[in-house]
Amino acid sequence: MPEKTVTLLTEPLPGTIIAPAYQYTEEQTAQLNSLREYSDNLLLPESDPYHPWELRWLRKPDTIPRYMRAAKWKIEDAKKRIRATLEWRREFKPDLIPPDEVKIESETGKIILTGFDNDGRPIIYMRPGRENTETGPRQLRHLVWWLERARDLMPPGQESLVIIVDYNSCTLRTNPSISVARKVLHILQQHYVETLGRALVVNLPTLLSFFYKGISPFLDPVTRDKMRFNPNLKELIPLSHLDADFGGDYHFKFESQAYWDQIVSACGIAPDGTRVRKPDEELEKAPLTPPLSEETASEDSGR
């Protein structure tokens with residue numbers, strides 16, 4: 001029996017070629033600049049405590065391109081989409097969720113972020129059979145927290161992630177309701193556009209096939225095209241990064257506190273949900289807390 005490890009994988013294999021790689025024409029670059037200018041005009045005033053976080057999100061190199069691609073290069077649609085996400089982020093504040101708010105949701109390992117696929121996408125494992133809490137808003141915030149953490153771990157040039165949904169030991173009781181799934185799909189499809197690289201569903205029992213029939217009308221064609229049922233995971237993920245439960249060589253042993261401490265540290269998340277300052281590290285690997293004015297800093301410290 002191979003020795004198990006509690007160490008999570010936070011970087012793709014050396015030599016991994018990040019894919020897909022996007023190249024833009026002069027016309028597309030002009031459209032990107034136009035959307036960027038429009039978005040800058042929507043920014044909250046600097047006096048608003050959330051302004052630095054909104055600016056940080058808009059300045060990420062993939063934000064504007066993702067929204068243009070999602071809109072199929074129709075500028076007015078892209079403007080509508082990014083405005084809607086800005087409004088959602090101001091209310092939900094996904095980048096400021098304190099770890100302790102959602103920690104209880106992680107205690108059984110129903111969502112685990114570790115490893116990367118062949119293209120350098122971080123992998124989120126979802127195991128509905130490990131559900132440990134009642135349906136409520138915190139479950140949704142927990143999922144969003146993990147989407148943000150996957151973005152923290154994306155290597156430079158990578159803009160998407162992989163979700164593996166494992167239905168092993170899942171029952172009608174532990175499976176999320178269609179109404180909850182609709183909310184998750186709405187957030188993923190509307191506010192994390194072009195973020196889902198692959199959705200891989202494994203061990204789906206016939207008893208739960210109705211679930212996917214129920215949510216099918218709410219799947220946009222792009223998301224549906226990215227879904228695969230019972231694929232050969234060994235063809236998509238390096239064996240050293242694929243959980244042994246699916247035939248890989250990564251014999252990961254989930255220990256709640258050890259895992260939680262590692263992911264919070266790897267992503268540089270402070271107890272209040274802001275970021276820990278780590279000198280001499282790249283912004284993408286350990287994002288710094290955006291500078292606040294003295295006036296807003298005192299307000300933000302109370303989050």
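W145, W146, Y250, F252, F254, Y259 and W260 form one aromatic cluster. The structure is a predicted model, in which local features need pLDDT of at least 70 and side-chain atom pairs count only at pLDDT 80 or more, while totals for chains, interfaces and linings use all residues. Residues are numbered from 1 along each chain as its sequence is written, and side-chain values use heavy atoms, with hydrogens and water left out.

**Aromatic rings**

A search of the whole structure finds 13 aromatic pairs. Rings of Phe, Tyr and Trp (its six-membered ring) pair if their centres lie within 6.5 Å; planes under 30 degrees apart count as stacked, over 60 as edge-to-face and the rest as tilted. Two of these pairs are set out below.

| Pair | Distance between ring centres | Angle between planes | Class |
|---|---|---|---|
| W57 and Y67 | 5.8 Å | 85° | edge-to-face |
| W146 and W260 | 6.3 Å | 80° | edge-to-face |

Where in the chain do W57 and Y67 lie? W57 belongs to helix α2 (residues 51-59) and Y67 to helix α3 (residues 63-70), so their pair ties together parts that are ten residues apart in sequence. Helices (H or I, at least four residues) and strands (E, at least two) are DSSP runs, numbered from the N terminus. Both W57 and Y67 are buried; buried means under 20% relative accessible area, exposed over 50%, and partly exposed in between (1.4 Å probe, protein chains only).

The other pair joins W146 in helix α6 (residues 137-153) with W260 in helix α10 (residues 256-266), and it therefore ties together parts that are 114 residues apart in sequence. W146 counts as buried because its relative accessibility is 0%. W260 is also buried, with a relative accessible area of 4%.

**Charges over rings**

A charge sits over a ring if NZ of Lys or CZ of Arg is within 6 Å of the ring centre and within 35 degrees of the ring normal. The charged end of K93 sits over the ring of Y50, 5.1 Å from its centre. R149 lies over the face of W145, a member of the cluster, at 4.8 Å from the ring centre.

**Helix α1 against helix α4**

Helix α1 (residues 26-40) packs against helix α4 (residues 75-92) at an angle of about 35°, with their axes 10 Å apart. Axes are lines fitted to C-alpha atoms, for helices over the stretch in contact, and angles run from 0 to 180 degrees between N-to-C directions. In this contact (heavy atoms within 4.5 Å), Q31, S34, L35, Y38 and S39 in α1 meet I75, A78, K79, I82 and R83 in α4.

**Residue R151**

R151 is placed in helix α6. At 10% relative accessibility, R151 counts as buried. Not counting residues up to four places away in sequence, R151 touches K60, D62, R66, E159, Y192 and T195.

Most residues other than glycine have a negative phi, and most peptide bonds are trans. A cis peptide bond, with omega about -5°, joins A19 and P20; P20 is found in the segment before α1. S169, which is not a glycine, has a positive phi of about 70° and is found in the loop between β3 (161-166) and α7 (178-191). N203, which is not a glycine, has a positive phi of about 55°. The loop between β4 (196-202) and α8 (209-215) holds N203, and this residue is partly exposed, with a relative accessible area of 41%.
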